[in-house]
Amino acid sequence: MKYNHIQRLLSAALLLAFTAPSAVFAQEGVAPYTSSMVLSGDVKLTDKNNNITLSLRDSDVKQVLRMFADKAGMNVVFHSSVDGKVTLDLVNMPINDAFNLVLQVAGLNYYTQHNTLVIIAKDNADNAAFSKQEMMVFPVKYVSASKIASFLNKNVFSMKKAGLSSVDAATVNTATNEIIVFGMKSDAAIVQKVIDQLDREPLAKTFAVNHTTPAEMANMICDVLLPSRGSSSGDNSSSGGIAPAAPGVGTTGGAAGIITGGAASASSSSSGSGSELKLGEGIVACTVAPSTSSANSSPFDVQNLAISYYPQRGTVTVMGGSEAQQEMIANFIKANDVKQPQAYLEVSIVELNEQGSKEFSNEWSIDSPNWAVKFSGGTTSGGRSAVPGTREHVPVKVLIANEDGTFSEKESFIPHEKWYGAGPYISWQMNYLIENKKARVLANPKLLVTNGQESVIDLTQDYVEKVTSEFLSSTGAGVGAVGAVQRTYTIGEDKGIKVTLTPFISPEGYVTLNIKPEYATEAGQVTTPSATGTGTDLQATLLSRRNLDLKNVRIKDGETLVIGGMIQEEDSKVVQKIPVLGDLPIIGAAFRSTTSKKSKSELVIMLTPKIINDGEGSVADSL
């Protein structure tokens, strides 16, 4: 007897432990749920919910349920699917709760018709015939009624709990956005609870960004913040992150959520047509929706989180999601929308050109009536004289008779052959020339650079890179073939100086630069005969390039960085001489011509950064 009392006390203690409110087991310091609801049917056997004490061992479930029906004063009907035994020890437990526990343990469901209980196995197909007792209509305001109906069917009614319909009882009237439930009265309570929990006005908040562009901030939220909180692109790859997607194109898969949208195509318009932005037009950066459902529940995506931005307004709008997500995004924007440090950068680009040449030449010529030899620079020629002498006009005075009988004197010219005699005549001419050229090209741009933003100094010029000629012919009426030459010019754009730099400004007063100077000068041209048969065409223009790519060059505020050593030198010497005579010592210099050329070009770039401190909040100030 004592053993039975002890067993009943233990059973009662265990029962109270499992039925006690969750607050009893709440740990200190653990925040309660922001919202919760019990997903169970409203099992109500009798209005007089008296407490009962009951102890049974391997009793037939039908007999146990008959006992509950007698307590409630109701009739009972058992479906052929009802079978099994139960063992229970209940002490001072409400009869409705005890009845619900027996149904759950035995895998049964019940329906009431007037004063009669109908007991049936919850997995039996005949549940549909008993559950459709009433049609109930529930209006939905803010979200999709069809999605709530799907949620009810897949996540509530599919559990087949006692007191609820065990079939898909919810459907929808899409015209009025209403949920229609074909079920029992006890379904109404749980359906209304689900609607009250999910049918909420979507949260919407707009944030103004001051120091970054709306596109950059929206894309940072999509690419950095949301993936770090469990939302992913769902490609199941090891790299993770957000996969680029065009606006309106989604991805599938994922663990906690799917991010879709145009985060990587932020410059495109919201319509996707590539048209210009209209005033106030918004662009969706990404949306976060539930991923594929688990084995026991289906996703519910009426409260998706969408990130959009408005370039013309300078704002980022967060639509949907929870209050916690809104607060998280607000804190992220506050932490990252800070003024970026800037620096005033003075750039001096100097090119020094120096050219010099020295020329010493001898010209010899030997002439005779029958042969001639000539040496001039790099050419030596000789041979028989074409004319043995030189014909010249000799003046002669002639007397002319006048009509009046007088005479006048007039000068006339007659050809005369002048001979130089039989011996050769030797002539020698010496030329000596020194030429020096110096030039200086200076560019001194001053610009304001922002931390992490690329800046470009472009001092290039256009030039003719290639010329192509072609002959166009046409036939005129009754005239024949006429034609014209058409020339096509290809223009290059990279001749000159171009400097690309990206600064990183530290709060310690240093500026780290990635510098990429490019310098191109014309080195020569290549020509080919023209396709028209006349003249030549420019086939290619050759450029001489001097490029550098410097990474992480650190400069202190106010100091100057000098990039030098980009020197190009060219020396040439040409010696032309008369064979044998030009090789003689001392006197051989008179039979040689020497040309020496030297050119030197140096490019120097000087950079002086000055960090701007305007007293406003910036990244440097917040570190």
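Accessible areas here come from the Shrake-Rupley method with a 1.4 Å probe.

**Figure 1. The whole chain, shown as a predicted model.** The chain exposes about 37400 Å², and carbon and sulfur atoms supply 52% of that area. It has 623 residues, of which 33% count as buried. Its secondary structure comes to nine helices and 27 strands. Where contacts join residues at least 6 apart in sequence, 67% of them link residues at least 24 apart.

**Figure 2. The largest nonpolar core of the chain.** This core has 29 residues, and those with the most contacts inside it are Leu65, Phe68, Phe99 and Ile119. Two or more residues each are given by β1 (51-60), α2 (61-72), β3 (85-94), α3 (95-106), β4 (108-113) and β5 (116-121). Helix α2 provides the largest share, six residues. In soluble globular proteins, nonpolar side chains tend to be buried together.

**Figure 3. The surroundings of Leu65.** Leaving aside residues up to four places away in sequence, Leu65 touches Phe78, Phe99, Val102, Leu103, Leu108 and Ile119.

**Figure 4. The aromatic pair of Phe68 and Phe99.** A search of the whole structure finds two aromatic pairs. In the pair shown here, Phe68 and Phe99 are tilted, with 5.9 Å centre to centre and 55° between the planes. Phe68 belongs to helix α2 and Phe99 to helix α3, so the pair ties together parts that are 31 residues apart in sequence. Phe68 counts as buried because its relative accessibility is 2%, and buried means under 20%. Phe99 is also buried, with a relative accessible area of 0%.

**Figure 5. The aromatic pair of Phe99 and Tyr110.** A pair of aromatic rings is described by the distance of the centres and the angle of the planes. For Phe99 and Tyr110 these values are 5.4 Å centre to centre and 75° between the planes, and the pair is edge-to-face. Phe99 lies in helix α3 and Tyr110 in strand β4, so this pair ties together parts that are eleven residues apart in sequence. Tyr110 is buried, at a relative accessible area of 6%. Phe68, Phe99 and Tyr110 form one aromatic cluster.

**Figure 6. An open sheet of three strands.** The strand order is β6-β8-β7, and the pairing is antiparallel. The edge strands, β6 (134-139) and β7 (170-173), each pair on one side only. From one strand to the next, the twist averages 30°.

**Figure 7. The pairing of β6 with β8, and the helices on the sheet.** Strand β8 (residues 178-183) pairs with β6 in the antiparallel sense over six bridges. In β8, Glu178 is the bridge partner of Pro139. Helix α6 (residues 185-198) packs on the sheet and touches β6 and β8. The direction of α6 makes about 15° with that of β6. Helix α5 (residues 145-155) lies across β7 and β8, and runs at about 175° to β7.

Note on methods. Residues are numbered from 1 along each chain as its sequence is written. This is a predicted model: local features need pLDDT of at least 70, side-chain atom pairs count only at pLDDT 80 or more; totals for chains, interfaces and linings use all residues. Side-chain values use heavy atoms; hydrogens and water are left out. Two strands pair if DSSP finds at least two bridges between them. Helices (H or I, at least four residues) and strands (E, at least two) are DSSP runs, numbered from the N terminus. Axes are lines fitted to C-alpha atoms, for helices over the stretch in contact, and angles run from 0 to 180 degrees between N-to-C directions. Contact means heavy atoms within 4.5 Å. Buried means under 20% relative accessible area, exposed over 50%, partly exposed in between (1.4 Å probe, protein chains only). A nonpolar core is a set of buried Ala, Val, Leu, Ile, Met, Phe, Trp, Tyr and Cys residues joined through side-chain atoms within 4.5 Å. Rings of Phe, Tyr and Trp (its six-membered ring) pair if their centres lie within 6.5 Å; planes under 30 degrees apart count as stacked, over 60 as edge-to-face and the rest as tilted.
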